[in-house]
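Here's a walk through one protein model, taken a piece at a time. Keep the structure open while you read.

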Amino acid sequence: MRNLNSDIAIVGGGVIGASCAFALQQSGLSVHLLEREAPGSGASSGNAGHLASEQVLPLASSDMLLQLPRMIADPLGPLRIDWRYLPQITPWMLRLVANMLPAAYKRSTDALSALNSASLGAWSDLLGSIERTDLIKVEGSFLAYEKQQTQAALLALMDKLSPHQIPVTHINAKQLLERAPELSPNLLGALEFSATGHVTNPLKLVEVLIGSAQQRGMVYEQADIIGGQLTDEGVELHSSNGSLRCRHVLIANGAYAKPLVKALTGVKVPLDTERGYHLMLPHEEQALPFPVTSAERRFIMTPLEGGLRLAGTVEFAGLEKEADMRRAHMLEQHAQALFGRPLDCRDATPWMGRRPSLPDSLPVIDRTGPKGQVLLAFGHQHLGLTQAAITAQLILQLYRHETASIDLKPYQLARFGSSAPLHLPTESILSNQG
Ligand SMILES: Cc1cc2nc3c(=O)[nH]c(=O)nc-3n(C[C@H](O)[C@H](O)[C@H](O)COP(=O)(O)OP(=O)(O)OC[C@H]3O[C@@H](n4cnc5c(N)ncnc54)[C@H](O)[C@@H]3O)c2cc1C
C-alpha cells in the first residue's frame with residue numbers, strides 16, 4: 001500500500017481530468033493524476049474542437065425517436081444502434097425518452113445553458129492565467145443547410161434558443177460564401193452563432209494543461225485504476241501499480257467511470273457511451289476559417305492545426321466493440337458535397353472515441369462520501385471540451401466548500417440514487433459493472 005502525499009488523486013487524464021488537475025494544482029493544492037494510457041488518449045484528443053456554447057438542447061428529441069428503425073438498420077447512418085447492443089442500451093434509451101417530458105426537458109436545457117453560458121469565459125480565464133489563449137479562437141461557427149425545408153426548422157431552432165441569450169442570426173447563401181468562399185454554392189444559408197469558438201488542437205490543449213500542472217508540482221502517474229473503497233481517512237484505490245491511499249479522489253475517467261462510481265458511492269449511474277468518429281484531412285488545413293456544421297448531414301468540419309477535421313455521428317455499440325471506420329470514411333463524401341471544389345483527401349486518418357453520456361444529457365459534477373472524500377466530474381456527452389474549464393472551476397469550489405458560481409443541484413449524483421458508501425473488495429467492484 002502506497003500513500004499518495006497529495007491533497008487529491010484524479011482518475012483520468014482527458015480534458016475534464018486535465019482541466020480539474022490544472023485548476024486544483026494552480027490554486028495551491030497538490031494533485032496526483034492517474035491516467036491508464038496517455039494524456040488525452042480518450043475522447044478528448046479526437047473531438048471536433050468546437051466550443052459549442054450554443055448547444056443547450058438535450059440529446060433526446062422526438063426527431064431521434066422517429067429515426068429509431070433506421071438507427072438499427074443502417075450501419076452508416078448518422079445515428080446508429082448496433083442491434084447486438086440493443087439489450088444493454090434499452091434501459092438507457094427508455095430514460096432518454098423519459099427525459100423528453102416537458103419538465104425534464106426544461107430542467108436539462110436550463111442546466112446545460114447555465115454551464116454553456118459560463119463556458120467560454122471559464123476557458124479564457126483558465127488559459128489566460130498561463131498566457132495560452134492562443135489555444136482557442138472565439139470566431140463563431142455556422143450551421144449550414146442544403147434543403148429549403150430545413151430553413152423552417154432552423155428558424156424554429158432560433159426561437160427555441162432565444163430564452164437562452166445565444167447570439168444567432170440567419171444568413172443567406174451569398175453571405176455564407178462571402179465568409180467561407182470555398183463552400184459549395186449549393187448551400188442555401190446558415191445560422192451564424194457568433195459567440196462560439198473552437199480550439200486549435202484538442203490534444204495539445206490537454207497536454208498543455210497537464211504540462212503546466214506538472215510544472216507547478218503535480219505528479220503524473222500512468223496507472224489503470226481497477227477498483228477502490230472508502231476508508232476512515234479517505235480513499236483506497238486499486239491500480240495496476242498496486243494499492244494507493246489518498247485523502248480525496250476525483251473520478252474523471254469519462255465513459256469508463258461507472259464501476260469506480262459504484263465502488264466508491266454505491267450508486268449505479270446509467271452512464272453509457274455514444275461513440276463518435278472523425279476523419280482528419282491533413283492537406284485541407286486552410287479550407288475553412290471557422291467550424292461549419294451540416295444541418296442535414298449532422299457532422300461538423302473544423303479547421304485545426306494539422307488539417308480539416310470532419311467529425312460527428314453517434315453510434316451505440318458499447319465500450320468494447322471495435323471501431324467501424326467506415327463511419328469515419330463516409331464523412332469524406334458528405335464533406336465533399338458541402339465544398340465547391342474537390343477536397344484533397346490524401347492521407348486522411350480515421351478515429352473513433354467514446355463520449356460519456358447520461359440519459360438526461362447532463363454531467364455529474366458533485367462531491368460525496370461520508371467525509372466528502374469523493375469528487376465527481378464525468379458524463380459530459382457531446383460537450384466535454386466546451387464544459388471542461390467551467391467544470392474545473394466548479395470542482396475547485398466544491399473542494400473548498402465555497403458557494404458554487406452555478407446552482408449544482410441538476411448535476412448531483414443523487415438524481416440517480418442515494419449515495420450509500422460501500423466498503424467493497426476489488427472483486428465485488430469488478431463484478432458490478434453492468
Ligand atoms: C467525434 C467526437 C466529437 C466531439 N466533438 C466535441 C466538440 O466539438 N465539442 C465538445 O465540447 N465536445 C465534443 N465531444 C465530446 C468530448 O470529446 C467529450 O465530452 C470529452 O472529451 C470527455 O472528456 P473526459 O475527460 O470526460 O473523457 P476522456 O477524454 O475519454 O478521458 C478519460 C480518460 O480516462 C482514462 N481512463 C479511463 N479509465 C481509466 C482507469 N480505470 N484508470 C485510469 N485512467 C482511466 C482514459 O484513458 C482517458 O484518457 C466530441 C466527442 C466525439 C467522440
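Start with Leu 120, which sits in helix H6, residues 102-128. Bear in mind that what you're looking at is a predicted model.

Which residues does Leu 120 touch once you set aside its neighbours within four places in sequence? The contacts are Leu 51, Ser 53, Val 138 and Gly 197. Take Ser 53 from that set: Ser 53 and Leu 120 are 67 residues apart in sequence, yet their C-alpha atoms are 7.3 Å apart in space.

Where the two meet, domain 1 puts in 12 residues and domain 2 puts in 12 residues. On the domain 1 side of that contact you'll find six nonpolar and six polar residues, with no charged residues.

## Around the ligand

Now for the ligand. Its shell holds 43 residues, and the closest are Gly 14, Gly 42, Gly 254, Gly 276 and Gly 384. Sorted by class, the shell comes to 17 nonpolar, 21 polar and five charged residues.

Where does the ligand lie relative to the domains? Domain 1 and domain 2 both give residues to the shell, so the ligand lies between them. Several elements supply at least two shell residues each, including helix H1 (15-26), helix H2 (43-46) and helix H12 (384-399). On the strand side, S3 (31-35), S16 (272-281), S19 (307-316) and S20 (349-357) do likewise.

## Strand S19 and its partners

Of its 10 residues, 10 are buried, so S19 is largely enclosed by the rest of the structure. S16 runs antiparallel to S19, paired over six bridges, and Tyr 277 stands opposite Gly 312 in S19. Strand S5, residues 79-81, pairs with S19 in the parallel sense over three bridges; there, Ile 81 has Phe 316 in S19 as its bridge partner.

Strand S18 (residues 299-304) is joined to S19 by six bridges, and these two run antiparallel. Leu 304 has Gly 307 in S19 as its bridge partner. The S18 and S19 hairpin has two residues between the strands, and Gly 306 there takes a positive phi near 95°. While you have the strands on screen, remember that side chains in a regular strand alternate between the two faces of the sheet.

## A four-stranded sheet

There's also an open sheet of four strands, in the order S1-S14-S13-S12, and its pairing is mixed. Which strands form the edges? They are S1 (2-3) and S12 (225-230), each of which pairs on one side only.

S1 and strand S14 (residues 242-246) run parallel, joined by two bridges, and Asn 3 is found opposite Arg 245 in S14. Lying across S12 and strand S13 (235-239) is helix H10, residues 258-265, which runs at about 15° to S12.

Note on methods. Residues are numbered from 1 along each chain as its sequence is written. This is a predicted model: local features need pLDDT of at least 70, side-chain atom pairs count only at pLDDT 80 or more; totals for chains, interfaces and linings use all residues. A residue is near a molecule or strand if its C-beta atom, placed from the backbone, lies within 6 Å of it. Ala, Val, Leu, Ile, Met, Phe, Trp, Tyr, Cys and Pro count as nonpolar, Asp, Glu, Lys and Arg as charged, and the others, Gly among them, as polar. Domain bounds come from an automatic or database domain assignment. Two residues are in contact if their C-beta atoms, placed from the backbone, lie within 7 Å. Two strands pair if DSSP finds at least two bridges between them. Axes are lines fitted to C-alpha atoms, for helices over the stretch in contact, and angles run from 0 to 180 degrees between N-to-C directions. A residue is buried if 20 or more other C-beta atoms lie within 10 Å of its own, exposed if 12 or fewer, and partly exposed in between; C-beta atoms are placed from the backbone.
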